[in-house]
Amino acid sequence: MFRIKICGITNVRDAVASVDAGADAIGLNFFRSSPRNVDLDVAPLISEAAAAGGALPVGVFVNHSPDDAEMLSKLSGVRGWQLHGDENPKRFAEIVARCSSIFSLEKRPAMLSIRVRRFNDRGPAAIVEDLAAFRSESSCPDAVLVDALTPGRYGGTGETVSWAGLADHRRWLGDTPLILAG
């Protein structure tokens, strides 16, 4: 598991600078509506630069189909999948299975699946219910990223989550690692 992930990287220079500054993972945003959407011609170069520096390249997907996520993973070389949309447990499991199978024959396929939840007025309860649904479908993510809720946006807003509301995260997440965004 990484400690620092810099997301929204759109060029090789920023990827190298992020890794040199200590990032363990680099996020490549494939959500077309995002101002930080990465160009597909540059994405594999960013993934290569991140991996060469010892960082995990992570693809950020928002409501992508399994076909699109698999194709983007093949083209870009990302080894982690951050599903930032409204994917249900079955869709999540299908995307992760199809994308990770791309690299399953390699000797050191560091891979990671991240479920993103927006912290709303229900606080941890909504996240606990979401994880329970994932566990019941045997599609539990490797980590949960908690992002601030900004109506009409899927993240990347720079808004900060109420850290006080996350203080007892181990109680409601159990062994699933917590990642904070914002």
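Guide: Let us begin with a strand. The model is predicted, and in it β2 is mostly covered, with 5 of its 5 residues buried.

Visitor: How are the two faces of β2 covered, and by which residues is each represented?

Guide: In a regular strand, side chains alternate between the two faces of the sheet. For β2, Ala25, Gly27 and Asn29 lie on one side and Ile26 and Leu28 on the other, and all are buried. Strand β3 (residues 56-61) reads likewise: 6 of its 6 residues are buried. Leu56, Val58 and Val60 belong to one side of β3, and Pro57, Gly59 and Phe61 to the other.

Visitor: How many bridges pair β2 with β3, and in which sense?

Guide: Strand β2 (residues 25-29) pairs with β3 in the parallel sense over 5 bridges. Within this pairing, Leu28 has Gly59 of β3 as its bridge partner. On β1, Ile6 stands opposite Ile26 in β2, and 2 bridges join β1 to β2, again in parallel.

Visitor: In what order do the strands stand in the sheet?

Guide: The sheet is open and has 7 strands, in the order β1-β2-β3-β4-β5-β6-β7, with parallel pairing. β1 (5-6) and β7 (178-180) each have a single partner strand, so one side of each is left without a neighbour in the sheet. Further along the order, 6 bridges join β5 (residues 112-119) to β6 (residues 143-148). Arg115, for instance, has Val144 in β6 as its bridge partner.

Visitor: With which residue does the side chain of Arg115 meet in a salt bridge?

Guide: Side chains of opposite charge can pair when their charged atoms come close. Here Arg115 meets Asp130, at 2.9 Å from N to O. The pair links distant parts of the chain, with Asp130 in helix α5 and Arg115 in strand β5, 15 residues apart. Arg115 counts as buried because its relative accessible area is 3%, and Asp130 is buried as well, at 13%.

Visitor: Which residue forms a salt bridge with Arg118?

Guide: The partner is Asp86, at 3.3 Å from N to O. Arg118 lies in strand β5 and Asp86 in the loop between β4 (80-83) and α4, 32 residues apart. Arg118 counts as buried, at 14% relative accessibility, whereas Asp86 is partly exposed, at 48%.

Visitor: Which side chain of opposite charge is nearest to Asp147, and how far away is it?

Guide: Asp147, in strand β6, is buried yet has no salt bridge; the nearest side chain of opposite charge is that of Arg118, 6.7 Å away. The cut-off for a salt bridge is 4 Å between a side-chain nitrogen and a carboxyl oxygen. The side chain of Asp147 does make a polar contact with the side chain of His84, at 3.4 Å.

Visitor: How many salt bridges does a search of the whole structure find?

Guide: The search finds 9 salt bridges. One of them joins Asp67 to Arg98, with the closest N and O atoms 2.4 Å apart. Asp67 is in helix α3 (residues 66-76) and Arg98 in helix α4 (residues 89-101), 31 residues apart. Arg98 is partly exposed, at 22% relative accessible area.

Visitor: Finally, which residues make the nonpolar surface patch?

Guide: Val12, Val16 and Leu45 make a patch of about 200 Å². Val12 belongs to helix α1 (residues 12-20) and is partly exposed, with a relative accessible area of 31%.

Definitions and conventions. Residues are numbered from 1 along each chain as its sequence is written. This is a predicted model: local features need pLDDT of at least 70, side-chain atom pairs count only at pLDDT 80 or more; totals for chains, interfaces and linings use all residues. Side-chain values use heavy atoms; hydrogens and water are left out. Patches are made of residues with over 30% relative accessible area and no salt bridge: like charges are joined within 9 Å, nonpolar side chains (Val, Leu, Ile, Met, Phe, Trp, Tyr) within 5 Å. Accessible areas come from the Shrake-Rupley method with a 1.4 Å probe; for residues, only the protein chains shown count as cover. Helices (H or I, at least four residues) and strands (E, at least two) are DSSP runs, numbered from the N terminus. Buried means under 20% relative accessible area, exposed over 50%, partly exposed in between (1.4 Å probe, protein chains only). Two strands pair if DSSP finds at least two bridges between them. Lys and Arg count as positive and Asp and Glu as negative; His and the chain ends are not counted. A polar contact is a pair of N or O atoms within 3.5 Å; within protein, one must be able to donate a hydrogen and the other to accept it, and residues adjacent in sequence count only if both atoms are side-chain atoms.
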